[in-house]
Amino acid sequence: MGVSNVKQWSRIVKEALDRAFFTAKFLCLLHVSNTYLCTVALAHGPSMLPTLNLSGDLILADRLSVRFGKVGPGDIVLVRSPQNPRKIITKRVVGMGGDRVTFSVDPKDSRRCETVVVPEGHVWIAGDNIYASTDSRNFGAVPYGLLQGKVFWRVCLFHLLISFHNTFFYRLLHFILLWGYIKWNIIFDCLENFRIEKDNILNHMPRK
Amino acid sequence: MGVSNVKQWSRIVKEALDRAFFTAKFLCLLHVSNTYLCTVALAHGPSMLPTLNLSGDLILADRLSVRFGKVGPGDIVLVRSPQNPRKIITKRVVGMGGDRVTFSVDPKDSRRCETVVVPEGHVWIAGDNIYASTDSRNFGAVPYGLLQGKVFWRIWPPQGFGLLRHVNE
């Protein structure tokens with residue numbers, strides 16, 4: 001009686017560990033693709049109006065362009081802020097190293113403009129909404145090493161899903177999460193069956 | 001005859017794949033620990049004499065101190081150069097954000113000194129050999145986000161094996 005309990009428990013524990021490792025490996029894959037391929041970011045604030053919304057936009061940024069130097073003027077980039085190293089800001093690149101950049105020093109008060117040459121290895125970033133943006137006009141040219149990614153896509157469904165006032169969409173979100181959980185277990189079971197079949201075939205071949 | 005050849009090949013292929021996966025997993029573990037825990041660097045050049053040699057020193061730098069903000073004046077750090085984003089340089093931190101830093105502008109020619117306040121979120125770095133070092137005196141305070149690691153140990157040359165001293169200002 002005790003032995004069959006131990007066997008049952010060991011089988012349950014083994015299956016739980018297998019699922020945990022499968023989930024861990026999937027999360028590792030997500031982390032690696034997030035760090036080296038493409039990342040998701042939530043950009044909020046008034047500094048990139050009208051391109052990005054005030055209340056938050058879900059955007060995709062790819063990491064390969066920055067690594068291979070394919071960033072140029074006109075690109076929206078994610079930058080680690082020089083004023084606060086734990087914050088990532090979204091701005092548009094205006095000039096690369098060696099370019100001459102002209103900007104209006106204080107657009108609300110005066111028409112005075114200044115021209116600077118961007119140092120080598122640096123970029124000049126500016127928000128689309130120059131009236132409400134702290135960018136290179138405040139902290140100067142930013143070293144290229146602080147660029148984190150180039151934004152290329154905005155995910156538009158976010159506004160539908162986060163409107164909690166509308167309970168239909170809230171229930172839809174719950175339904176999608178539950179369906180995802182069920183699908184996850186089905187995927188895991190399919191992979192398990194495939195692995196068992198493959199082991200059977202490879203192990204039973206020597207025996208005629 | 002043909003079937004036994006296939007059996008042998010499938011066994012060899014299976015063993016080769018197992019070893020390849022094992023090596024791949026080990027390389028992944030190495031890469032992860034190199035990126036998030038501790039990295040090895042080869043530092044050469046005259047800018048950190050006499051602490052580090054001219055011809056090349058193998059040093060260990062940990063990545064956790066930078067991530068958790070445990071870097072202070074007197075630490076040797078690896079920094080991504082503001083002048084060339086593909087190059088990593090080794091310098092000593094002289095001041096953090098908010099500190100007042102006094103430095104000699106051109107030590108070979110004159111005794112003139114300047115004092116600056118390091119902006120928030122930036123660090124002021126300087127080589128130990130001020131006569132032959134391009135550091136913050138040339139390119140200004142460096143944003144903290146460019147720090148890559150804090151150097152704590154030297155592994156080569158063997159005479160210099162050991163902890164690299166933290167210099168108290």
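Q: Hi! How far apart do the end C-alpha atoms of residues 26-104 of chain B lie, and how much helix and strand is in that span?
A: Hello! Bear in mind that this is a predicted model. The end C-alpha atoms of residues 26-104 of chain B are 48 Å apart, and the span is 19% helix and 38% strand.

Q: Which UniProt annotation covers residues 26-104 of chain B?
A: The unreviewed UniProt entry carries the annotation "domain: Peptidase S26" for residues 26-104 and 113-156 of chain B.

Q: And what about residues 113-156 of chain B, how much helix and strand there?
A: That span is 9% helix and 50% strand, with its end C-alpha atoms 36 Å apart.

Q: Zooming out, how many helices and strands does chain B have, and in what order do the elements run?
A: Chain B has three helices and 10 strands. Starting at the N terminus, the order is α-β-β-α-β-β-β-β-β-α-β-β-β.

Q: Switching to chain A, what are its elements?
A: Chain A has five helices and nine strands. From the N terminus they run α-β-β-α-β-β-β-β-β-α-β-β-α-α.

Q: What about the radius of gyration of chain A?
A: It is 26 Å for chain A, whereas a compact globule of 208 residues would be near 17 Å. The C-alpha atoms of chain A fill a box of roughly 90 × 50 × 30 Å along the principal axes.

Q: How many of the 208 residues of chain A count as buried, as a percentage?
A: In chain A, 28% of the 208 residues are buried. Its accessible surface comes to about 14000 Å², with 64% belonging to carbon and sulfur atoms.

Q: In chain A, what share of the contacts with a separation of 6 or more is between residues 24 or more positions apart?
A: Such residues account for 53% of those contacts in chain A.

Q: Now the interface: how much area is buried between chain B and chain A?
A: About 1500 Å² is buried between the two chains, and carbon and sulfur atoms give 62% of it. On the chain B side, K7(B), P82(B) and P85(B) lose the most area to chain A, together 25% of what that side buries.

Q: How many residues does each chain put into the contact?
A: Chain B contributes 21 residues and chain A contributes 22 residues.

Q: Last topic, aromatics. How many aromatic pairs does the structure hold?
A: There are five aromatic pairs over all chains. One of them is F22(A) with W184(A), a tilted pair at 5.4 Å centre to centre, with 50° between the planes. It links distant parts of the chain: F22(A) sits in helix α1 (residues 2-36) of chain A and W184(A) in helix α5 (residues 167-204), 162 residues apart.

Q: Which residues form one aromatic cluster with W184(A)?
A: F22(A) and F26(A) do, so the cluster is F22(A), F26(A) and W184(A).

Q: Why does W184(A) count as partly exposed?
A: Because its relative accessible area is 24%, which falls between the 20% limit for buried and the 50% limit for exposed.

How values were computed:
Residues numbered from 1 in each chain as written. Chains lettered and ligands numbered in written order. Predicted model: local features only at pLDDT ≥ 70, side-chain atom pairs only at ≥ 80, totals over all residues. Heavy atoms only, no water. Phe/Tyr/Trp six-rings, centres within 6.5 Å; stacked < 30°, edge-to-face > 60°. Helix = DSSP H or I, 4+ residues; strand = E, 2+ residues; numbered from the N terminus. Buried < 20%, exposed > 50% of the residue type's maximum accessible area, 1.4 Å probe, protein only. UniProt positions renumbered as here; feature names shortened; annotations may be inferred. Contact = heavy atoms within 4.5 Å. Buried area = accessible area lost by both parts, 1.4 Å probe. Rg over C-alpha atoms; globule rule 2.2 N^0.38 Å. Areas by Shrake-Rupley, 256 points an atom, 1.4 Å probe, with all protein chains shown as cover.
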